[in-house]
Amino acid sequence: MSASASNAATVAASRREPIARTARRERLFTLIRFGALALLGVLGTLMPDQPGDVLASLWTIVALGALLNSAFWLFLRVQAASARWIPSLASAIDMVGLVTFISLTGGPRSSLWLFAFVVIAAVALRHGTLGGVVAAVFFSLASISLSLFAGLRPLDALYGAAVTGLAYAGVALTVGWLIREERAAVRSEHEQTQLDLQRGQADVKTFVQMADTLSRNTNYQETLQQMLELSIRGLRSRGRHDDPAAGLILLFATGPVETLYVAVASDLPPEDAQARLSPISGAVKTALDDVEAQFVTDARKDPLLCQFRMTATAPAAVVMPLRAGLALYGAAVFFGRPEMFDVFGLRAELIDVYTGQAAVAVQNAQLYEQVRQERDRFIDSEEKTRHELARDLHDGPVNQVASLTMGIDFARRLMDRDLERAKEELDGMHRLAAKIARDMRLTMYRLRPLALEQAGLTQALEQYLARLRAERAEPEFVLSVDKSATFEARLPANAAMMVFDIMTEAVNNAVKHANAGQVQVELREAGGYLVASTRDDGRGFDVAKVTAGYADRGSLGLLNIRERAELAHGDAVIESTPGQGTIITVRVPLDPAA
C-alpha cells in the first residue's frame, strides 16, 4: 500500500471513530434509561395518596419511554453509523419526560427533582458544557412554572428556582469541563498517534532508500555520504528543536598508530571535515571499546569531540560504533543543540539501524576492493606468465629454430663442395632439433602436466625432474617424498596445480640463476598441511633487496610464488643468503574430509 493510500485510510478511520464511540455511548444510555424508567415507575407508585388516574398516567409515561428506548436500541444496532440525531432527540425526550413525571408526582414538592441532576449530567456528557447549561436552564424554568402553577408566591418560586438552578449549572459546568478535558486528551493522543505513524512511515521510507543505495552503489564514500544524510533526515521529527546540526562518520586510518579520520561529513565546517583524531579517547573510545552508543550532554568537555568547532553551537552528541558482524570500522557522530539530547535517546534504536547499514557499506566496499585487487593481481600474474613464456620461447626454441634454419641453408651449400662437412653439419642440426623438441615438450609439460591429472603431484614432479635430468648433467635433481603421507588423496586439484607451478618455478630459477650443484625437492605432510620445499646449494641472494627492486625487474620470480601460494589458501616462505643457497617452502591446507 502506498503512503498516500495509507494516510487516506487513517483519516477515514479517525473520522469513523467518533461515530462509533457515540453509538457505543448511546447503547449504554439506553440500558441505563430502562433501569431509570423502572425506578421512576416504582417510586411513583409508592408515593402516598396517589389517585388512580395519576398512577395510570405515570405508567403510561413509563411504557411510552420504554417503547421509545427500545426503538433507539434497535436503531443503534442496525444503523449505528447514521445515529447522529439520536443523542439530541433522546436528551429532549429525557428532559420533557422527567418534567412530566415530576408534575404528576407533586410538582415543586416532588422528591424526583434529584433525577434532574442525572439528566443534566447525561446531556452534558453528550453535548458538552453548552448542552448541560441549556438543560439546567430548562429545569430551572420548569421549577418556576410548576411552583407558580402550584400557587406559590412569585418571589418564593423565583428564589427556589435560583437555588436549584445554581446547583444545576454547577453540575453542567463540572461535567462539561471533564468532557472537554477528556476530548482534548483523546485529540492529543490521536495527534500523537498520527505523528508516530508519519514518523514510522518516514523511517521505513528512509530505510528502503538506504537499502537501495547500498545495493546499487559500489563507491563506499558516496554511499556513506548518502547514508549520513538519510540518517540525519531520520532523526528529524515535528518537534520544534528536533533538528540535528551536523553528522560525520569516522573510519580507522591505516598506519602504526590508531587514528580516526573524517570519511564523510554533513553540515560540518571545512576545517572540521579534515580532522584526524589520535590518540582516541573520551566518548568515542568508550563507544568503540564497549561497542555501545554513548550520549554526551556537552561535547565541549569531551577530550576528543571538543576538537570539532561544531560543538560550540551544538554541544549535544551521540556516538554510535560502526560494526558489521564482529568487525569494527569506526564510529558515527551526530551533533545537535542541547534540546536534541532527549531526541538522540528516543531515536537511539533508529540511529543504530542507520549506522549498522553504514558499517555494512564500508564492509562491502572493503570486500569489493579486495576482490578487485585480487582480480587485478590474478590478471597481472597471468600477464607476467605469458610474458615469461614468450621470453622463454624467444630465448630458447625460437632462436634455436632460427639457428636450425641457417644451418640447413649452410649444409645445402656444402653439399656441392664438401660432402663430409655437410654431413657433420646435418648431424649437429639433428642434435639441435632433438634439443628443441625436448625443450618444447618440457615447456608444454610445465603448462599442462598430464601426470598431475592422472597420477598426482608426486609423479608429476618426478617426471618433470626426469626430463631435466635428460637435458643436463648438472645440477643433480633429488625428489624426497614422505612415504607415510596421505596428502595425494586430500590435496584439492587446484591446490595441486599451484604447488606444481611453484615447485617448477623454484627449480627453474635454481637452474637458470643459482649455478647450483644439487637441487632437492621435498614433499611431506604436517599438521593438516602439505609442505613442499626446494633447496639448492647455489649462490643465493639478498631476499629483501630483490623484493624491494622487484617492480623494476619485471620478471615473474618471487612474487609469482607468493601469489600462487595465496591462491591455494596457503603461504610461501623464501629464505636465502648470498653464497649459502636458497630454500623455498610452501604450505597449503589439505581437505580434512577426504
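Colleague: Why does serine 143 count as buried?

Modeller: Its relative accessibility is 10%. Buried means under 20% relative accessible area, exposed over 50% and partly exposed in between (1.4 Å probe, protein chains only), so serine 143 at 10% falls in the buried class. This is a predicted model, in which local features need pLDDT of at least 70 and side-chain atom pairs count only at pLDDT 80 or more, while totals for chains, interfaces and linings use all residues. Residues are numbered from 1 along each chain as its sequence is written, and side-chain values use heavy atoms, with hydrogens and water left out.

Colleague: Where does serine 143 lie, and which residues is it in contact with beyond its neighbours in sequence?

Modeller: Serine 143 lies in helix α4, residues 114-149. Helices (H or I, at least four residues) and strands (E, at least two) are DSSP runs, numbered from the N terminus. With neighbours within four places in sequence set aside, serine 143 is in contact (heavy atoms within 4.5 Å) with Trp113, Ala161 and Thr164.

Colleague: How many helices and strands does the chain have, and what share of its residues is buried?

Modeller: There are 18 helices and eleven strands. Of the 594 residues in the chain, 40% are buried. Among contacts with a separation of 6 or more, 63% are between residues 24 or more positions apart.

Colleague: Why are β7 and β10 called edge strands?

Modeller: The open sheet has the order β7-β8-β9-β11-β10, with mixed pairing. β7 (476-481) and β10 (571-576) each have a single partner strand, so one side of each lacks a neighbour in the sheet. From one strand to the next, the twist averages 10°.

Colleague: In which sense do β8 and β9 pair?

Modeller: They pair in the antiparallel sense, over eight bridges. Glutamate 522 stands opposite serine 533 in β9. The hairpin of these strands has two residues between them, and glycine 527 takes a positive phi near 55°.

Colleague: Which strands does helix α15 lie across?

Modeller: Helix α15 (residues 493-514) lies across β7, β8, β9 and β11 (582-589), at about 10° to β9. Axes are lines fitted to C-alpha atoms, for helices over the stretch in contact, and angles run from 0 to 180 degrees between N-to-C directions.

Colleague: Why are β3 and β4 edge strands in the sheet of six?

Modeller: That open sheet runs β3-β2-β1-β6-β5-β4 with antiparallel pairing. β3 (276-277) and β4 (294-296) have a single partner strand each, so one side of each is left without a neighbour. Three bridges join β4 to β5 (residues 316-324); in β5, valine 319 is the bridge partner of glutamine 294.

Colleague: What makes up the nonpolar surface patch?

Modeller: Leu28, Leu31, Ile32 and Phe34 form it, with about 370 Å². Leucine 31 is in helix α1, residues 3-46. Patch residues have over 30% relative accessible area and no salt bridge; like charges are joined within 9 Å, and nonpolar side chains (Val, Leu, Ile, Met, Phe, Trp, Tyr) within 5 Å. A salt bridge is a side-chain nitrogen of Lys or Arg within 4 Å of a carboxyl oxygen of Asp or Glu. Accessible areas come from the Shrake-Rupley method with a 1.4 Å probe; for residues, only the protein chains shown count as cover.

Methods:
Two strands pair if DSSP finds at least two bridges between them.
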